[in-house]
Amino acid sequence: MTSKLAWKNIWRNKTRSLVFIIAAILGFAMALFTLNTMKSISQQRLSDAINIQTSYIQIHKAGFMEDREINFTIPDAENVMAKVKAMPGIEIVSKRISCNAVVASPENNIACEIKGVMPQEENEISVLKDFLVEGEALNNNQNSPILVSKRTAERLKLKVRSKVVVTIKASNGEITGGSFRVAGIFVTPSTPYDESTVIARYNDLQELSRIDEPHELVIKVTDPNKVIEVQMAIQNQLTNQYQVNDWKYLLPELFAFDGFINMVGMLFTIIIIIGLGFSLMNTMNMIVQERTKELGMLRAIGQGKWSVFRMLLKESGLMTFIGAAGGIVLGIGFISVASKHGISISEGLGFLGIRPIIYPTLHPGLLIMIIVLAIVLTVIISTFPASRALAIKPQEALRD
Amino acid sequence: MKVIALNNVSKVYNPKGIAVTAVNDVSLAFDEGEFTAIVGASGSGKTTLLNMIGGIDMPTSGEVFVQNQKINELSEAKLTVFRRNNIGFVFQQYNLLPVLTAMENVEFVLEMQGNPKAERKQRAKELLTAIGLGNKLNERPGKLSGGQQQRVAVARALAHKPKFIIADEPTANLDSKSAADLLEMMQELNRKDGITFIFSTHDQRVVEKAKRVIVFEDGKVKEDVSYTK
């Protein structure tokens with residue numbers, strides 16, 4: 001009966017209860033939508049960076065990450081690759097050459113990083129081919145092919161099949177150059193990557209740089225949730241002259257941004273919850289104030305004070321439950337619509353690696369967090385007004 | 001047989017630090033099956049006295065015994081249980097729960113005692129029918145007249161079969177017909193079921209029906225007269 005009474009009491013003042021419930025529905029919906037959108041942005045950024053640039057794990061010669069010297073190649077790379085390929089949790093391993101270069105066309109030139117990749121393996125590791133807007137991916141049938149970004153193509157006034165000259169410092173210290181032909185033009189979500197990277201074939205770049213071994217081994221794992229275990233297992237198999245790093249080390253700014261964006265989302269949610277908390281507290285204070293005499297009567301006829309307390313908690317709990325349930329349904333609705341049609345955001349966020357259209361997805365962990373926050377909100381916030389009911393003395397309440 | 005006894009009971013309030021004596025060294029006893037009116041001017045201490053008998057308020061000094069149990073020494077929790085199981089209250093303002101129907105208001109007390117649903121529904125229906133509200137079972141208090149609301153309040157007070165009904169000015173807000181009907185009903189319950197009624201009143205019509213009249217003045221018993229009716 002106390003549950004029934006609590007339910008009926010909510011609707012004694014429909015306007016007041018509805019104001020809170022609507023505020024809660026909107027608040028929870030916005031919190032859920034915002035948190036999931038931000039998480040989706042963050043995950044999309046990480047996913048793009050991992051799948052286009054670094055993959056999950058890389059092996060370098062110790063010191064390469066600090067100096068990026070042309071001669072800091074991986075000793076005995078073929079044996080290392082064979083050893084790593086045989087380990088559990090490895091999907092594919094490929095090798096890359098990575099060095100600084102100047103790419104020049106008859107119109108202009110730019111300084112950038114040139115990556116020499118194995119076309120076949122790279123197509124399995126990297127999704128760069130999916131971001132080609134013109135031309136085709138690298139293959140072994142082309143003649144000195146190179147992939148450039150659309151930005152680079154615009155700056156150098158290049159088209160597919162245009163010729164460029166790549167100049168690098170070879171392993172013997174000499175400055176050397178080679179001619180390449182644009183095979184494809186790509187546009188990734190990351191402007192910095194587009195502006196600073198061109199891709200050539202491993203063998204072409206090896207010939208130009210005159211190095212025998214690659215600078216990095218790029219590893220795709222079968223289970224992205226087990227990257228750390230795989231990374232440690234690889235490191236344990238290799239000597240200290242090899243450095244094994246996961247994507248968090250290779251993409252520190254993205255990892256930090258992920259933490260930052262999670263924190264911003266959490267802060268936003270907490271602000272909403274605090275606002276709802278004050279609204280609920282105000283509502284419950286008014287309820288206790290208005291019904292002091294009635295609560296006193298209930299105490300007089302034998303209802304225990306904790307029973308009165310629980311009844312008030314049920315009232316606030318029911319209101320929050322309706323608001324939270326409605327908000328979650330609405331929030332999931334928003335996410336569902338946005339995941340189909342996308343949310344168009346400024347293209348200017350490409351410098352952060354954010355795509356111009358975001359497709360948010362629902363993250364169960366965030367949904368659970370919202371539910372937990374709703375429970376915490378009810379219990380903590382409602383306790384204060386409900387505890388005022390504990391202090392009601394029936395003789396005084398009935399006299400007033 | 002004396003079922004309620006007050007020995008040298010006083011109640012002093014201290015609102016804003018000024019001591020006000022509401023009940024001053026009162027000793028009274030009530031027999032089982034009494035139909036007693038406590039009369040007196042506003043502020044004479046009638047309600048305070050009823051509250052102390054009913055275990056709603058505690059005396060500043062003195063002792064209150066109900067069925068040989070010294071209730072002014074009970075803990076708050078035990079006193080709540082005592083009220084729930086032994087006393088029925090009827091208030092001047094009816095104090096029904098406005099969101100519940102007449103049936104539910106009566107049932108509520110039975111649920112507090114832990115009675116099964118079917119049993120409490122049957123009891124509530126019986127009581128309301130017995131007091132002439134069989135056709136108003138599912139009406140909320142707002143749809144009932146003052147007299148009907150007070151009848152529901154009496155039914156609520158009777159629901160758990162208490163030994164005592166304490167009523168604070170039960171007819172104060174009723175028209176004369178409703179007041180007469182209510183009194184007749186209370187008298188019948190007193191006669192038939194032997195329920196002890198103690199009520200405060202200003203109403204001369206109520207006083208005339210009482211078997212015993214205690215006149216209160218300035219927190220003291222001025223007169224205590226019993227009648228054979």
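Colleague: In this predicted model, which helix of chain A holds A:Leu312?
Modeller: The model is predicted, not an experimental result. Look at residues 305-341 of chain A. A:Leu312 falls in that stretch, which is helix α13.

Colleague: Is A:Leu312 buried or exposed?
Modeller: Count the C-beta atoms around the residue. A residue is buried with 20 or more others within 10 Å. A:Leu312 has 25 C-beta neighbours inside 10 Å, so A:Leu312 counts as buried.

Colleague: Leaving aside neighbours within four places in sequence, which residues is A:Leu312 in contact with?
Modeller: Contact here means C-beta atoms within 7 Å. With neighbours within four places left out, the partners of A:Leu312 are A:Met284, A:Val288, A:Ser382, A:Pro385, A:Ala386 and A:Ala389.

Colleague: Which elements do the buried residues of α12(A) pack against?
Modeller: Start with the helix itself, residues 292-300 of chain A. Its buried residues are A:Leu295, A:Gly296, A:Met297, A:Leu298, A:Arg299 and A:Ala300. Just after α12(A), A:Gly302 has a positive phi of about 115 degrees. The buried residues pack against elements of both chains: α13, α14 (364-390) and α15 (394-399) of chain A, and α2 and β6 (87-90) of chain B.

Colleague: How do α2(A) and α11(A) run relative to each other, parallel or antiparallel?
Modeller: Helix α2 covers residues 14-54 and helix α11 covers residues 252-290, both in chain A. Their axes come within 9 Å and cross at roughly 175 degrees. An angle over 145 counts as roughly antiparallel. That makes α2(A) and α11(A) roughly antiparallel.

Colleague: How many nonpolar residues are in the contact of α2(A) with α11(A)?
Modeller: Sort the residues of this contact by type. There are 9 polar and 4 charged residues. The nonpolar residues number 19.

Colleague: Is strand β8(A) enclosed or left open by the rest of the structure?
Modeller: Strand β8 spans residues 197-201 of chain A. 5 of the 5 residues are buried. So β8(A) is largely enclosed.

Colleague: Which strand runs antiparallel to β8(A)?
Modeller: Take β3(A), residues 109-117, which is joined to β8(A) by 5 bridges and runs parallel. There, A:Glu113 has A:Thr197 as bridge partner. Now take residues 145-149, where A:Ile146 stands opposite A:Ala200. This strand has 2 bridges to β8(A) and runs antiparallel: β5(A).

Colleague: Why is chain A more spread out than a compact globule?
Modeller: Chain A has 15 helices and 12 strands. Its C-alpha trace spans about 100 × 45 × 30 Å along the principal axes. For 400 residues the globule rule gives 21 Å. Chain A is more spread out because its radius of gyration is well over that, at 31 Å.

Colleague: Which strands stand at the edges of the open sheet in chain B?
Modeller: The sheet has 4 strands in the order β2-β1-β4-β5, with antiparallel pairing. Inside this order, 5 bridges join β1(B) to β4(B). One of the partner pairs is B:Ile4 with B:Val66. Each edge strand has a single partner strand, so one side of each is left without a neighbour in the sheet: β2(B) and β5(B).

Colleague: Which element gives the most to the side of chain B that touches chain A?
Modeller: The contact takes 18 residues from chain B and 15 residues from chain A. On the chain B side, α2 (76-86) and α3 (102-112) give two or more residues. That side divides into 10 nonpolar, 3 polar and 5 charged residues. The most comes from the element with 5 residues, α3(B).

Key:
Residues numbered from 1 in each chain as written. Chains lettered and ligands numbered in written order. Predicted model: local features only at pLDDT ≥ 70, side-chain atom pairs only at ≥ 80, totals over all residues. Contact = placed C-beta atoms within 7 Å. Nonpolar A, V, L, I, M, F, W, Y, C, P; charged D, E, K, R; others polar. Buried ≥ 20, exposed ≤ 12 C-beta atoms within 10 Å, placed from the backbone. Pairing = 2+ DSSP bridges. Axes fitted to C-alpha atoms, helices over the stretch in contact; angles between N-to-C directions. Parallel < 35°, antiparallel > 145°, perpendicular 65-115°, else oblique. Rg over C-alpha atoms; globule rule 2.2 N^0.38 Å.
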